[in-house]
Amino acid sequence: MDSKILVDAQNIGVNLSNRWIFRHVNVTVERGQVVCIIGGNGAGKTTCVRTLLGLQTQTEGTVNRASSLKVGLVPQKLEITPILPLTIRRLVALAGKFEDQEIDDALSAVGLDELGNPSVSTLSGGEFQRLMLARAILRKPDLLVLDEPAQGVDISGVEVLNRLVLDVRDETRCGVLMISHDIEMVFDIFDDVLVMIPHEFDQLRYSNAA
């Protein structure tokens, strides 16, 4: 497999309980590329990404991944109990054993260094997603995966988050795989878009790459 390629899936499909979740999907993510999977509820977006990462076994097709692929994940939703005294530095540190300077650098990269160390419960939706991004990039991933990162974030927060994702891509040359339902946003920003249509097994591919 080409050394630039992080994940390459050909004609994959997943069948669960005698029902096809998705079929006939081809996805390739290279270093420095942003690929976005979009579609409505029931399109199989999350199952597709789980399959690409090896967390779900495909029923058909092939998936090849770069050896020792390191993944950083920004989850769709992370429930934090408000009564827990969890600060932003503490939450980031839960991602693994890191030096204080590494945590400082990650928080600075997403623009949260000036907040100090407040409770996570005081953050806005956009700030919380940026915190999740800081937590993900601490691992210095080859592939950054974001699952509907714009949920619960206002328009200005989404713009900031998207810009940060592209900044991380440009600085680290990681690949980015994002799940989204906002078709207008992804066409404007990202390189390659895989559209998964609910209850259909065809795919449309658009590219903004030069």
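## Helix α4 and its cover

The buried residues of α4 are covered by elements that include β5 (71-74), α2 (88-93), α3 (100-109), β6 and α5. This is a predicted model. Helix α4 covers residues 125-137. Of its 13 residues, 10 are buried, so the helix is largely enclosed by the rest of the structure. The buried set runs G126, F128, Q129, R130, L131, M132, L133, A134, A136 and I137.

The length of α4 can be checked. At 1.5 Å a residue, its 13 residues should span 18 Å. The end C-alpha atoms of α4 lie 19 Å apart, which agrees.

V110 sits in the loop between α3 and α4. Is V110 buried or exposed? Its relative accessibility is 1%, under the 20% cut-off, so V110 counts as buried.

Which residues does V110 contact, once neighbours within four places in sequence are set aside? They are R130, L133, A134, I137 and L164. R130, L133, A134 and I137 are among the buried residues of α4. L164 is one of the buried residues of α5. V110 and L131 are 21 residues apart in sequence, yet their C-alpha atoms are 7.3 Å apart in space.

## Helix α5

Helix α5 spans residues 155-172. Its 18 residues should span 26 Å at 1.5 Å a residue. The end C-alpha atoms are 26 Å apart, which agrees.

Buried positions in α5 are G157, V158, L161, N162, L164, V165, L166, V168 and R169. An α-helix has 3.6 residues a turn, so residues three or four places apart point the same way. Just after α5, R173 adopts a positive phi of about 60°.

Strand β7 takes in residues 175-180. Here 6 of the 6 residues are buried, so the strand is largely enclosed by the rest of the structure. G175, L177 and I179 point one way from β7. V176, M178 and S180 point the other way. Both sets are buried.

Two strands pair with β7. Strand β3 (residues 34-38) is joined to β7 by 5 bridges, and the two run parallel. Strand β6 (residues 143-147) is also joined to β7 by 5 bridges, again in parallel. L177 in β7 has V35 opposite and V145 opposite as well.

## The whole protein

The protein has 6 helices and 9 strands. Buried residues account for 43% of its 210 residues. Among contacts between residues at least 6 apart in sequence, 70% join residues at least 24 apart.

## Confidence

Mean pLDDT for the protein is 84. A score of at least 70 is reached by 82% of the residues. Among the elements, strand β4 (residues 60-65) has the highest mean, 96. Strand β9 (residues 203-207) has the lowest, 53. Where pLDDT is low, the predicted coordinates should not be read in detail.

Technical notes. Residues numbered from 1 in each chain as written. Predicted model: local features only at pLDDT ≥ 70, side-chain atom pairs only at ≥ 80, totals over all residues. Heavy atoms only, no water. Buried < 20%, exposed > 50% of the residue type's maximum accessible area, 1.4 Å probe, protein only. Helix = DSSP H or I, 4+ residues; strand = E, 2+ residues; numbered from the N terminus. Pairing = 2+ DSSP bridges. Right-handed = clockwise from strand over helix to strand, strands pointing away. Expected span 1.5 Å × (residues − 1). Contact = heavy atoms within 4.5 Å. pLDDT = per-residue confidence, 0-100.
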